[in-house]
Amino acid sequence: SQLLAMPSKYASVSTGWPTKTELEAAHRIREHHSAEIAKLKDPSRDVVGDLRIVRFVRARHGNEQEAREWYGEFLKVRTERPEIEEKIRPSVIGMTPEQYLQWFNDRRHPSFPVCPYAGETDDGQILMVVRTGMLDPVDFTENRGDVPLEDEELLILSMLEWLLWYVDEMSWKRHEMVYVIKLMDLSGLGGGGRKLVIFVPKMKQLLVGLLEAAQKPYCEHDALFLATNAPFIFRAVKSVLFLLLTAKQKSKFSVLGYTTDAAVRKNLMEILPARIVPEALGGSRATIPGLFPLADVSSELPGWLQRRQDPGFMWKVFEKPAPVAALPPSADQTLPPPAAPDAGARDPPGQIVAVAAVPQLQTVAQEVVIIGTDAKDLATQGVALPADDEPSFVSLEGQESGQACSCCAVTG
């Protein structure tokens with residue numbers, strides 16, 4: 001069986017591949033919401049697949065009823081906010097991290113020091129970096145010409161949509177659940193004439209909406225929130241922030257102290273590799289665009305205004321290259337399940353029934369994830385399976401190229 005446990009440093013989440021019980025719950029939840037799913041314009045694997053629904057199950061500690069309610073809210077948001085399917089997803093889904101960063105940096109306000117993807121840890125988790133202390137909420141909300149603040153909410157939603165798509169892709173590729181670690185540098189908070197976000201109503205409203213979105217519709221994608229260089233005034237912010245978080249979200253929050261302290265740097269490097277951590281926070285990475293060093297707002301704002309005021313700039317359809325190098329298969333490349341009693345029925349993309357696709361499956365000697373498959377069905381193909389029905393890896397090495405497996409339609 002392939003049931004991997006997260007290292008203890010990520011005590012609030014688990015990267016274990018979904019268990020049979022979790023998968024059965026995910027299938028029932030999807031069936032319960034079949035009418036809502038049928039209304040979606042983009043029912044892709046990262047939206048309706050097993051791994052996405054299992055995140056809701058885990059967010060609610062296995063309580064299927066609560067997970068079903070949360071997943072229903074997630075689907076409701078997608079129908080109430082048509083921009084997600086009509087603008088955001090066509091623009092960003094399918095992008096590599098480098099492509100998305102370029103796209104995001106071209107559109108983010110110069111006063112918004114966020115890097116959605118700063119790299120990956122040695123165990124495959126995604127790092128996001130935010131210079132929270134240097135965010136100027138007044139400049140961000142007011143110094144924007146006629147670009148409406150509501151557009152920033154869509155930009156943040158694009159970040160969540162892309163991240164959840166990407167962690168889904170990486171989860172299938174690694175055969176374990178991948179999460180996001182959010183590293184916050186709080187140095188400068190409340191200094192330099194900058195107000196705290198909780199005292200700027202427009203900014204507070206925007207961030208509260210973001211927290212609510214991450215809490216339910218985009219739940220269970222964070223492994224850790226790491227706050228560094230927190231000044232005393234952060235206590236006021238934290239007290240308000242924690243009123244908006246669930247108990248599980250609070251359990252992921254750690255305040256590490258000042259990175260000028262060798263012990264703090266050591267603790268941080270035990271979680272994150274130095275290669276993806278900025279030098280200013282104790283790592284070895286020299287720069288992160290827009291954050292280290294900070295953007296020069298006065299020089300970058302005119303170009304940002306010119307780009308954002310162009311009605312054709314914000315949401316351009318992303319022309320996906322074929323094939324997408326170094327990325328696992330998209331939802332439409334997922335292998336079909338074994339033939340069902342109703343030959344005309346087809347399971348949703350990303351549903352683990354007998355086999356889950358892995359990259360370059362057309363080549364010989366690939367691994368296939370088999371779940372709940374009778375070993376006798378594969379025995380005729382010369383593939384040995386363990387006796388249990390937990391998620392397992394088997395190899396098709398040695399199979400004649402072009403030969404199809406009778407039970408799962410894999411050609412290897």
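Is Cys219 buried or exposed, and what is its relative accessible area?

Reply: Cys219 is buried, with a relative accessible area of 3%. Here buried means under 20% relative accessible area, exposed means over 50%, and partly exposed lies in between, with a 1.4 Å probe and protein chains only. The model is predicted: local features need pLDDT of at least 70 and side-chain atom pairs count only at pLDDT 80 or more, whereas totals for chains, interfaces and linings use all residues. Residues are numbered from 1 along each chain as its sequence is written, and side-chain values use heavy atoms, without hydrogens and water.

Another cysteine, Cys115, also counts as buried, at 5% relative accessibility. A search of the whole structure finds 0 disulfides, a disulfide being a pair of cysteine sulfur atoms within 2.5 Å. Of the 412 residues of the protein chain, 52% count as buried.

The chain has 15 helices and 8 strands; these are DSSP runs numbered from the N terminus, helices being H or I with at least four residues and strands E with at least two. Two strands pair if DSSP finds at least two bridges between them. Within the sheet, β3 (residues 180–185) and β4 (residues 222–228) run parallel and are joined by 6 bridges. For Ile181, the bridge partner in β4 is Leu224.
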